[in-house]
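Student: I am new to this structure and would like a close look at one part of it, the backbone. Please set it in the context of the whole chain.

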Amino acid sequence: MGLAIERLRRVGSRRVPGTTAEAGGDSATGSPWPPDAIVVCSFGDASVNHATATAAFNTAGWYDHTGLRIPVLFVCEDNGLGISVRSPKGWVAATLRAKPGIRYFAADGSDPAEAYRVAGEAAAWVRRHRRPAVLHLTTVRLMGHAGADAETAYRSPAEIAADVARDPLLATARLLVAAGYATSEELLARYDERGWQIRRIAEEVLDEPKLASPAEVVAELAPRRPVRIFRAVADAADRAAGPNAGARAEAFGGKPPELAGPLTLAQSINAALADGMLDHPGMAVFGEDVAAKGGVYGVTKGLRDRFGGARVFDTLLDETSILGLGLGAGVAGMLPVPEIQYLAYLHNAEDQLRGEAATMRFFSRGAFRNPMVVRVAGLAYQEGFGGHFHNDNSVAVLRDVPGLVVAVPARPDDAAPMLRTCLAAAAVDGSVCAFLEPIALYHTRDLYADGDGEWLAEYAPPGAWAAGHVPIGRARVYGVGSAEDITIITFGNGVRMSLRAAAALADEGIGIRVVDLRWLAPLPVADIVREASATGRVLVVDETRRSGGVGEGVLAALVDGGYVGAARRVAGLDSFVPLGPAARQVLVSAEAITQGARTLLAR
């Protein structure tokens with residue numbers, strides 16, 4: 001968030017609707033935050049050892065070393081205990097002092113005067129220098145860590161009594177009495193009065209309405225306002241064709257993508273990102289290699305030159321920090337589009353989505369949100385560059401996160417409208433979206449035969465964006481032949497393989513309808529059931545794994561939806577993706593799809 005505040009100061013972004021900060025902003029730059037705003041991040045001594053904390057310290061120091069400003073004050077409340085595990089004496093101070101690029105301050109947290117003085121110095125230093133610092137406060141823990149934690153099991157009575165004597169509330173009372181501001185009797189009376197006030201408020205709260213239905217509980221998980229999202233896309237189109245037309249023409253060098261001829265998947269995503277940057281001044285694209293290099297596969301090529309280093313920038317190689325930057329940027333009022341270079345490396349940092357991004361709106365009942373669209377290059381089938389770190393077909397961890405939108409564009413003419421939908425959902429509803437891009441299809445040009453160009457597509461001009469809008473949770477259906485015999489339900493690389501298989505089957509007089517899910521969460525359940533029922537025979541083609549794969553969810557949706565026809569599944573094996581030709585032994589192929597369809601017809 002500290003980095004985002006400084007970026008907003010640099011780009012002079014207008015406020016993104018729906019952010020929590022409105023008052024006290026910097027009118028000179030349009031930032032929603034005052035020009036001297038700083039970020040405070042607090043944690044306990046045991047959390048110093050957590051990988052996320054290590055990543056945060058490293059990222060702050062890394063950016064400070066490069067000369068970029070991050071006005072963050074880390075506050076470590078050190079009571080010497082992680083539940084029952086003691087922090088080794090001197091460990092926390094030694095650890096915090098050793099963090100490069102982070103100024104160290106320390107104070108006794110049980111001495112209110114000293115704590116206030118040093119905290120003021122630390123905050124002033126961060127505010128003045130716009131650099132990170134840490135305030136190390138030695139504190140006490142009164143009572144156990146949580147309700148079920150009996151501290152007498154691991155602390156002596158003398159130690160507990162010593163901490164009670166250091167209670168900062170008592171220290172404050174002593175200070176007030178010694179300075180002559182109050183008598184002990186007055187403070188005791190005030191303490192009792194406050195206690196009764198709190199008790200009365202607690203009793204009132206007990207009688208307030210509680211969440212009493214599933215709908216109430218999940219209401220803030222993922223607000224879906226498709227009409228507003230459509231309106232946002234339509235408004236963006238009107239701006240692109242109207243008042244922003246000149247800037248758009250300049251950004252594309254006088255040749256907008258709709259005049260560039262048929263585009264690949266990568267080129268279509270690149271153009272949609274550029275259009276998004278033009279329409280959302282607070283949008284930022286960042287990640288490993290996305291700036292100068294333009295991404296490992298060229299998907300972000302040219303964006304930094306068009307929109308500047310404050311909005312398109314490279315990060316350090318740490319997925320936890322990349323998503324952490326996305327979290328903070330969303331809270332700060334930006335529209336972050338972080339890139340995770342490969343799906344396999346998302347697993348290093350998945351809790352930033354599961355435990356942080358997707359929960360903020362839920363646990364704050366909509367008071368806070370951190371919108372973002374996480375672009376992830378993933379799935380398998382890329383030639384000449386393999387292994388399970390660069391060909392990962394595991395998406396179960398994404399589909400299991402409540403409220404997370406998971407998009408998988410297969411075709412260039414789907415990629416741009418789906419990305420526009422995700423950006424609009426983030427801006428309108430605060431949605432957290434994972435935009436999973438099939439690596440093997442980035443530069444694919446042909447479908448049925450070499451040179452046919454059937455996998456390319458024209459980029460829609462702004463005037464066609466509204467008509468071509470792709471709502472979240474809606475599938476795309478292809479009819480091949482009569483389209484009356486078998487329904488193939490698939491996504492990603494499976495779409496291209498299934499269309500090839502369908503063409504071969506059509507030559508045998510077998511009509512196929514191919515359903516591209518496009519959205520893995522939420523699944524397009526209504527489309528799945530309707531298209532399956534149209535033929536009464538369903539072949540689920542799932543390039544992920546048999547266990548925990550997408551196919552399981554599709555088959556469950558069919559059962560829940562009352563489908564009573566025949567069903568069969570072709571899926572990847574429960575295996576990592578090996579190197580070289582061996583990958584074909586565990587991944588789905590067009591031949592396996594064809595055979596699966598014939599088996600289904602023979603039943």
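Tutor: The answer starts with the chain as a whole and then turns to the backbone and a few other local features.

This is a predicted model, in which local features need pLDDT of at least 70 and side-chain atom pairs count only at pLDDT 80 or more, while totals for chains, interfaces and linings use all residues. Residues are numbered from 1 along each chain as its sequence is written, and side-chain values use heavy atoms, with hydrogens and water left out.

The protein chain has 21 helices and 18 strands; helices (H or I, at least four residues) and strands (E, at least two) are DSSP runs, numbered from the N terminus. Its C-alpha trace spans about 95 × 55 × 50 Å along the principal axes. Of the 603 residues of the protein chain, 50% count as buried, where buried means under 20% relative accessible area, exposed over 50%, and partly exposed in between (1.4 Å probe, protein chains only).

Now the backbone. Most residues other than glycine have a negative phi, and most peptide bonds are trans. Arg518 has a positive phi, near 65°, and is not a glycine. Arg518 sits in the loop between β15 (512-516) and β16, and Arg518 is buried because its relative accessible area is 8%. The peptide bond joining Ala521 and Pro522 is cis, with omega at about -5°.

A positive phi is also found at Tyr381, near 80°, again in a residue other than glycine. Tyr381 belongs to the loop between β10 (372-378) and α16 (396-399). Its relative accessibility is 21%, so Tyr381 counts as partly exposed.

Next, a pair of helices. Helix α13 (residues 319-332) packs with helix α15 (residues 351-363) at an angle of about 5°, their axes 11 Å apart; axes are lines fitted to C-alpha atoms, for helices over the stretch in contact, and angles run from 0 to 180 degrees between N-to-C directions. α13 and α15 are therefore roughly parallel to each other, a label for angles under 35 degrees, with over 145 roughly antiparallel, 65 to 115 roughly perpendicular and the rest oblique. In this contact (heavy atoms within 4.5 Å), α13 contributes Thr320, Leu323, Gly324, Leu327 and Val331, and α15 contributes Gln352, Leu353, Glu356, Ala357 and Met360.
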